[in-house]
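Here's a quick briefing to read alongside the model. Keep the 3D view open and follow along.

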Amino acid sequence: MNTSTALSRWVIFVLALGAGFSVAAIYYAQPLLPLIGQDLTLSLTGIGLVPTLTQAGYALGILFLLPLGDRFDRRTLILLKSISLAVLLLACSFSGQLHSLLLISLLMGMAATMAQDIVPAAAILAPEGKQGKTVGTVMTGLLLGILLSRTISGLVGEAFGWREMYQLAAISIAMITMVMWKMLPRFAVNSTLSYPSLMISMAKLWRCYPALRRAALAQGFLSIAFSAFWSTLAVMLSEHYHMGSAVAGAFGIAGAAGALAAPLAGHLADKVGGEKVTQLGALLVTLSFALMFLLPVLPVQGQWILIALSAVGFDLGLQSSLVAHQNLVYNLEPQARGRLNALLFTLVFIGMALGSVLGTQVYALANWQGVVGLATVSGVIALMIRLTGKPAMGRATTA
């Protein structure tokens, strides 16, 4: 019994690492944007397309590839995607023009969806009655990957260059791939549907579950706020404070403090229900961004502190809301977790992509206060979605 428990914890730890390393691939670029722009002589609009295409690729991969987790062994899918991701990261480091960089960024985003194959796998491996806590633990790895990727890429980019950062990222994926190949068990196939039937069943799931639609839309608007902030932070710090990519990445450490609350959010969702957690999370995101309207009246050091505190607050709110939304969605129809996860995260990363493009455009038009306004309004909309409607309830299976 003890050996089995230890093994389960070790496998969950490996899944958390795999999720973190893979999802980090789509965020390495953000602190590196000024360096990439200088190297390839890109405009602000051109630079903004890099994270936009990566996140759009992630959304496309979630929508069209993630449902395969209900049809095929998740272990095989995870390993195939991880190999592809390592190759694409290496190819990115050799990009010499915008068009090739954008194409690789799109494909990289699609391959990085292995992180979203890993999360349902963790739910399957979770001990009885501890699904929320287990998913929260793996989500901690994923969310730390999102946030600390900026810190690491900022430091490495400033010290060695943006190309070297992508080469190191390729090595990290190759290493975790070898570990997962040996450690992951094979997963049972939950559906015999053909690929077209899987996609049609996703439309049925979307229609059948109002709770799924509310969860996806609310998390999507929170993602717009999140992505608008992180996609423009490096440029803002460079223009207003003359700070390099390392400092921009360092703000990811502040956000990582919020990610550490993911297991607690999952545990709380197990105890009091995901509805309350999502409402509190959306409220915290909104208030954290609204506080940044005070930046103009503060001295420079006070501005830095407020930005860091706001990053802690909105990351805590966003991650808590995300874990609670996943628990709500997974419980709707356990045998369709791959498709439910695909629908939830398609909206999440559509929000991420919109946040990147809207954030850069709003920054160009209305500076940093415009970005803060965009993020705050997005948080308010998410909160209103969570405060309306009926609690999530499961229903009969669709496939």
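A residue is called buried under 20% relative accessible area, exposed over 50%, and partly exposed in between, using a 1.4 Å probe and protein chains only. This is a predicted model, where local features need pLDDT of at least 70, side-chain atom pairs count only at pLDDT 80 or more, and totals for chains, interfaces and linings use all residues. Residues are numbered from 1 along each chain as its sequence is written, and side-chain values use heavy atoms, with hydrogens and water left out.

**Overall picture**

- The protein has 15 helices and zero strands; these are DSSP runs numbered from the N terminus, with helices being H or I of at least four residues and strands E of at least two.
- Of its 399 residues, 58% are buried.
- Take the contacts (heavy atoms within 4.5 Å) with a separation of 6 or more: 86% of them involve residues 24 or more positions apart.

- Most residues other than glycine have a negative phi.
- Asn 367 isn't a glycine, yet has a positive phi of about 60°.
- You'll find Asn 367 in helix 15, where its relative accessible area of 33% makes it partly exposed.

**Rings and charges**

- There are 11 aromatic pairs in the structure, meaning rings of Phe, Tyr and Trp (its six-membered ring) with centres within 6.5 Å; planes under 30 degrees apart are stacked, over 60 edge-to-face, and the rest tilted.
- Phe 289 and Phe 314 make a stacked pair, because their ring centres are 4.4 Å apart and their planes sit at 15°.
- Phe 289 belongs to helix 13 (residues 274-290) and Phe 314 to helix 14 (residues 300-330), so the pair ties together parts 25 residues apart in sequence.
- Phe 289 and Phe 314 are both buried.
- The two also belong to a cluster linked by ring pairs, along with Phe 226, Phe 229, Trp 230 and Trp 368.
- Arg 71 has its charged end over the ring of Phe 72, 5.1 Å from the ring centre; "over" needs NZ of Lys or CZ of Arg within 6 Å of the ring centre and within 35 degrees of the ring normal.
- Arg 75 puts its charged end over the ring of Trp 181, 4.6 Å from the centre.

- On a 1 Å grid over the protein atoms alone, a cavity is a set of points where a 1.4 Å probe fits but cannot get out, while a pocket is an open set with protein on both sides within 12 Å along at least five of seven lines; lining residues have an atom within 4 Å of a point.
- Points are joined across faces, edges and corners, and volume is the space filled by probe spheres set on them.
- The second largest pocket has a volume of about 280 Å³.
- Its lining has 18 residues, with Gly 20, Phe 21, Leu 144, Gly 145 and Ile 152 closest to the centre.
- Helix 1 (2-24), helix 7 (131-159) and helix 8 (162-183) each give two or more residues to that pocket's lining, and helix 7 gives the most, with seven.
- By class, this pocket's lining has 13 nonpolar, five polar and no charged residues; nonpolar covers Ala, Val, Leu, Ile, Met, Phe, Trp, Tyr, Cys and Pro, charged covers Asp, Glu, Lys and Arg, and the others, Gly among them, are polar.
- Among the 16 residues lining the largest cavity, Ile 146, Leu 318, Leu 322, Val 348 and Met 352 lie nearest its centre.
- Helix 15 supplies the largest share of the largest cavity's lining, four residues.
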